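Open the model in your viewer and keep the sequence beside it. The stops below say what to select next and what is there.

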Amino acid sequence: MEVKTLKPCTERSELLYRMHLLSKEISHVFEQQTNMSFTKVEILFHIKQTPGQSQNRLKEKLYIDSASITRHLKRMEDQGLIIRKKQDDNKRYTYLFLTTAGEAELASLLLEKETFQTKALEAFSEDEVRALLKSVTKMMNNVEKMEEK
């Protein structure tokens, strides 16, 4: 019986591993510097962009599971940042709106996010950012296709 020797780490596997680590590190450092999760900023941003969207639609846009989105939204509602409403005609869906406090919080967080992004990408040219975005988008599309199977 032949024993296979393991090949050294390929550049492709190293790339995926580093992207995984980078994602975790971005979240960690962002939360450390802003006392806010990246997810919270994205939730507030998407509610601002589409007021009155359903909780389910937001969950799908942000790739968040039902329990997590409910937990985030409950916390934000308790903090007075959002309002969750049920419509008279369809009680099954919860619709989301920012409060005045939520809009103010979002404006502040977007400034902090911009500062964070500027620091994180300071050594990159605009062309490098564009190329990296194109590559990451292509990879996301590939992963989404795998998920559909």
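Start with Lys85 and Phe97: the charged end of Lys85 sits over the ring of Phe97, 5.2 Å from its centre. A charge counts as sitting over a ring if NZ of Lys or CZ of Arg is within 6 Å of the ring centre and within 35 degrees of the ring normal.

Before moving on, note that this is a predicted model, in which local features need pLDDT of at least 70 and side-chain atom pairs count only at pLDDT 80 or more, while totals for chains, interfaces and linings use all residues. Residues are numbered from 1 along each chain as its sequence is written, and side-chain values use heavy atoms, with hydrogens and water left out.

**Aromatic pairs**

Next, show the aromatic rings. Rings of Phe, Tyr and Trp (its six-membered ring) pair if their centres lie within 6.5 Å; planes under 30 degrees apart are called stacked, over 60 edge-to-face, and the rest tilted. The count by this rule is 3 aromatic pairs. Select Phe30 and Phe38: their ring centres are 4.6 Å apart and their planes stand at 75 degrees, so this pair is edge-to-face. Phe30 is buried, at a relative accessible area of 0%, whereas Phe38 is partly exposed at 23%. Here buried means under 20% relative accessible area, exposed over 50%, and partly exposed in between (1.4 Å probe, protein chains only).

Then select Tyr93 and Tyr95. Their ring centres are 6.5 Å apart with planes at 45 degrees, so the pair is tilted. Tyr93 is partly exposed, with a relative accessible area of 31%, and Tyr95 is buried, with 18%.

**The loop between H1 and H2**

Helices (H or I, at least four residues) and strands (E, at least two) are DSSP runs, numbered from the N terminus. Select Ser37, in the loop between helix H1 (11-34) and H2. Ser37 is buried, with a relative accessible area of 18%. Not counting residues up to four places away in sequence, Ser37 touches Phe30, Glu31 and His72; contact means heavy atoms within 4.5 Å.

Asn35 is in the loop between H1 and H2 too. Is Asn35 buried or exposed? Asn35 is exposed, with a relative accessible area of 69%. Its backbone is worth a look: Asn35 has a positive phi of about 55 degrees although it is not a glycine. Most residues other than glycine have a negative phi.

**Helix H2**

Move to Ile47, in helix H2. Ile47 counts as buried, at 0% relative accessibility. Which residues does Ile47 touch, not counting residues up to four places away in sequence? They are Gln53, Leu58, Leu73, Ile82, Leu96, Phe97 and Leu98. For a distance along the way, pick the C-alpha atoms of Ile47 and Glu103: these residues are 56 residues apart along the chain, and the atoms are separated by 9.8 Å.

His46 is found in helix H2 as well, and counts as buried at 18% relative accessibility. Leaving out residues up to four places away in sequence, His46 touches Gln53, Leu58, Lys61 and Leu62.

Select the buried residues of H3, which are Gln55, Leu58, Lys59 and Leu62. Look down the axis of H3: these buried residues fall within an arc of 100 degrees, so they line one face of the helix. The arc is that of the directions from the helix axis to the C-beta atoms. The buried residues of H3 pack against H2, H4, S1 and S2.

H3 is followed by Tyr63, with a positive phi near 55 degrees. Tyr63 lies in the loop between H3 and H4 and counts as exposed, at 58% relative accessibility.

**Helix H4**

Finish on H4, residues 66-78. Its 13 residues should span 18 Å at 1.5 Å a residue, and its end C-alpha atoms are 18 Å apart, which agrees. The expected span is 1.5 Å times one less than the number of residues. Ser68, Ile69, His72, Leu73 and Met76 are buried in H4. Seen down the axis of H4, the buried residues fall within an arc of 125 degrees, so they line one face of the helix. What covers them includes helix H2 (38-49), helix H3 (55-62), strand S1 (82-86) and strand S2 (94-98).

At the N-terminal end of H4, select the cap, Asp65: a side-chain oxygen lies 3.2 Å from the backbone nitrogen of Ala67. A polar contact is a pair of N or O atoms within 3.5 Å; within protein, one must be able to donate a hydrogen and the other to accept it, and residues adjacent in sequence count only if both atoms are side-chain atoms. After H4 comes Gly80, whose phi is positive, near 80 degrees.
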